[in-house]
Amino acid sequence: MELFTYMEEYDYEQVVFCQDKNSGLKAIIALHDTTLGPALGGTRMWTYNTEEEAVVDALRLAKGMTYKNAAAGLNLGGGKTVIMGDPKTDKNPEMFRAFGRYIQGLNGRYITAEDVGTTEHDMDYIYTETDYVTGISPEFGSSGNPSPATAYGMYRGMKAAAHEAFGTDSLEGKTIAVQGVGNVAYHMCKHLHEEGAKLIVTDINKESVKRAVNDFGAQAVDPDDIYSVDCDIYAPCALGATINDDTIPQLKAKAIAGSANNQLAEERHGDKLNELGIVYAPDYVINSGGVINVADELNGYNQNRAYKQIETIYDSLTKIFDISKRDNISTHKAADRMAEERIATVRQTRSTFLQNEHSIISRRK
């Protein structure tokens, strides 16, 4: 790929290549947009087939964080890091310390956190070299495991989707089909169970299914059957791209609200849901509780304050549904529009301020 051409087309600010021979570090930091504030986005460690594949992933994920942070109402931009390597065999403390020094060199333009293939302990090693890291161990003053916060945001977002689909945000008596019952979805199911929802669950991990059945009285179904069950809300909480040409005709749900990333196989599938009158809660908005929670660490973590901010996911989705109806567009496009409008407003404010400042300086001369 022609990197600068790509960056110019999608308006990226900076890409940093980092290597440390002694530790084996090979990392790519992508900063997409810092209009709203310093870029916040996790560090992913993955076995990429090529360097170009790693670069493309970093760029794609960084742009996604710009929209996620903007839609969440955070004063933070979007960035992401990918480290090339097998997280099971290639990790060492020196690698993350070296990476921490590169983050420190960006002087606050980028703040990282854990992501796929990295852990809280990896963040602790980064923390020895820089303060620009979140998701570290609680003994250092962090928020700890982000799953409960993400799950709470999911719960709040699902209530907003229910209100749009059914005219009430009560989930009591609603049947919710949950695809994937990992850490986030398990905590979400707890909230749903406590409100009186009926749960249908599936997961390739049989132990996860058994736990949900035992703890919440959930009904278990085979993975391939989750799309066609009679339910009010479908909650994709595992793999992405589960909303596609094959699954949409099977869906009986009136709303889709789940934690999985990249739920739409293609953008046109979001348009199809809109045509069918199925309420779709855009994934990067409804699953933003985790990033909202770790972002609060930047102010000295306060759980009550963080969770009050997470509750606003309900309001964000309500606004997205309103934009969707106002502009006659699908909700995933409405979410993008909301984020873009917020960024554009701040960019214009900054531009006006700088113009006025320049004018005052010119008059003084």
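Predicted model: local features only at pLDDT ≥ 70, side-chain atom pairs only at ≥ 80, totals over all residues.
Visitor: Okay, and is Glu 195 buried or exposed?

Guide: Glu 195 counts as buried because its relative accessibility is 17%, and buried means under 20%.

Visitor: Where does Glu 195 sit, then?

Guide: Glu 195 belongs to helix H6, which covers residues 183-195, and just after H6 comes Gly 196, which takes a positive phi of about 100°.

Visitor: Which other residues of H6 are buried, and what do they pack against?

Guide: Besides Glu 195, the buried residues of H6 are Ala 185, Tyr 186, Met 188, Cys 189 and Leu 192. The buried residues of this helix pack against helices H5 and H7, and also against strands E7, E8 and E10.

Visitor: How does the span of H6 compare with what it should be?

Guide: The 13 residues of H6 should span 18 Å at 1.5 Å a residue, and the end C-alpha atoms are 19 Å apart, so the two values agree.

Visitor: New topic: where is Thr 118, and is it buried or exposed?

Guide: Thr 118 is in the loop between strand E6 and helix H4, and it counts as buried because its relative accessibility is 6%. The side chain of Thr 118 reaches the backbone nitrogen of Asp 115 at 2.8 Å, while the residues that Thr 118 touches, not counting those up to four places away in sequence, are Thr 43, Met 45, Lys 91, Phe 96 and Met 123.

Visitor: What about phi: what value does Asp 11 have?

Guide: Asp 11 has a phi near 60°, which is positive in a residue other than glycine. Most residues other than glycine have a negative phi. Asp 11 lies in the loop between helix H1 and strand E1, and with 45% relative accessibility it counts as partly exposed.

Visitor: And what is the phi of Asn 328?

Guide: Asn 328 is not a glycine, although its phi is positive, at about 55°. Asn 328 is located in the loop between helix H12 and helix H13, and this residue is exposed, with a relative accessible area of 68%.

Note on methods
Residues numbered from 1 in each chain as written. Heavy atoms only, no water. Helix = DSSP H or I, 4+ residues; strand = E, 2+ residues; numbered from the N terminus. Buried < 20%, exposed > 50% of the residue type's maximum accessible area, 1.4 Å probe, protein only. Polar contact = N/O pair within 3.5 Å; in protein donor to acceptor, adjacent residues only side chain to side chain. Contact = heavy atoms within 4.5 Å. Expected span 1.5 Å × (residues − 1).
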